[in-house]
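Open the model in your viewer and keep the sequence panel at hand. The tour moves from one selection to the next.

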Amino acid sequence: MYNIAMRIFILGGQSLSNREWVLEIKESINDSFTTVDVIDYEHWKKGEGRADVDLESSRFIEKVNSLPEDYMIFAKSIGTVIFLNSLSRLKKLPTKVVMVGVPLNVAKEQGYDFEKLKEVTEFPIAIHQKKNDPFSDYENLRVLEGGMVKVNVYPCLNEPENDHHYANMETVGGIILGS
């Protein structure tokens, strides 16, 4: 078991089922970090369907900018968009970021430019994407590679390669701890 002496923030995907997923992730990595913070989105609490990216970015920035200690981020899907939207306003930068299920196609439609990540020089960003994720496949994400950004194929062990679910907790935990 790894022991990473820092805090981690988990920014989940959009659907309510991701609330349970992030709690499973938290459980699987809890002993490896000093603190595991799950960002509990307002739309989850209200039972609504869509995240308010600006609201969640503001809430996230407020938490992070007041931290005395180092931290890292693990984000999936809309959580990656929330991180991207927050990046220019973070006073305290993460030591690293790990992403899965980056929704490049949807993000572009909504005006979010993930190619800005290539300008990041202060911390590494590891993206793990299924080869045929319907929100953006691995090949499309390779345009993001460069600088501190590394795009990897997500290893689909006992799960399909053509969906947006990253369900194998052992695989996800290994990616978080090993990236």
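A residue counts as buried when its relative accessible area is under 20%. Gln129 has a relative accessible area of 0%, so Gln129 is buried. Note before going on that this is a predicted model.

**Stop 1: colour by confidence.** The protein chain averages a pLDDT of 91. At least 70 is the score of 98% of the residues. Among the elements of the chain, strand β4 has the highest mean pLDDT, 97. Helix α2, residues 42-46, has the lowest, 89.

**Stop 2: select Gln129.** This residue is in strand β5. Which backbone atom does the side chain of Gln129 reach? The side chain comes to 2.8 Å from the backbone nitrogen of Val102. Now show the contacts of Gln129, leaving out neighbours within four places in sequence. Val100, Gly101 and Val102 are among them.

**Stop 3: select helix α7, residues 169-178.** Is this helix enclosed or open? Seven of its ten residues are buried, so α7 is largely enclosed by the rest of the structure. Pick out Met169, Thr171, Val172, Gly173, Ile175, Ile176 and Leu177: these are the buried ones. Their cover includes helix α1 (17-29). It also includes the strands β1 (4-11), β2 (33-38), β3 (71-76), β4 (96-100) and β5 (125-129). Then zoom in on the start of α7. There, a side-chain oxygen of Asn168 comes within 3.0 Å of the backbone nitrogen of Glu170.

Stop 4: Two packed helices are described by the angle between their axes and the distance between the axes. For α1 and α7 the angle is about 65 degrees, and the axes are 10 Å apart. The crossing of α1 past α7 is right-handed. On the α1 side, Trp21, Glu24, Ile25, Ser28 and Ile29 make the contact. On the α7 side, Met169, Val172, Gly173 and Ile176 do. Colour these residues by type: six are nonpolar, two polar and one charged.

**Stop 5: select helix α4, residues 78-86.** How many of the nine residues of α4 are buried? Nine of the nine are, so α4 is largely enclosed by the rest of the structure. The buried residues run through Ile78, Gly79, Thr80, Val81 and Ile82, then Phe83, Leu84, Asn85 and Ser86. What covers them includes β1, β3 and β4, together with helices α3 (53-65) and α5.

Stop 6: Start with Ser77, in the loop between β3 and α4. Ser77 is not a glycine, yet its phi is positive, about 55 degrees. With a relative accessible area of 9%, Ser77 is buried. Next, jump to Asn158, in the loop between β6 (149-153) and α7. Asn158 is not a glycine either, and its phi is positive at about 60 degrees. Asn158 is exposed, with a relative accessible area of 83%.

**Stop 7: finish at Thr121.** Look in the loop between α5 (104-109) and β5. Is Thr121 buried or exposed? Its relative accessible area is 59%, so Thr121 is exposed. Last, draw a distance between the C-alpha atoms of Thr121 and Gly147. They are separated by 6.7 Å, though the two residues are 26 residues apart along the chain.

Conventions. Residues numbered from 1 in each chain as written. Predicted model: local features only at pLDDT ≥ 70, side-chain atom pairs only at ≥ 80, totals over all residues. Heavy atoms only, no water. Buried < 20%, exposed > 50% of the residue type's maximum accessible area, 1.4 Å probe, protein only. Helix = DSSP H or I, 4+ residues; strand = E, 2+ residues; numbered from the N terminus. Contact = heavy atoms within 4.5 Å. Polar contact = N/O pair within 3.5 Å; in protein donor to acceptor, adjacent residues only side chain to side chain. Axes fitted to C-alpha atoms, helices over the stretch in contact; angles between N-to-C directions. Left-handed = near helix turned anticlockwise from the far one by under 90°. Nonpolar A, V, L, I, M, F, W, Y, C, P; charged D, E, K, R; others polar. pLDDT = per-residue confidence, 0-100.
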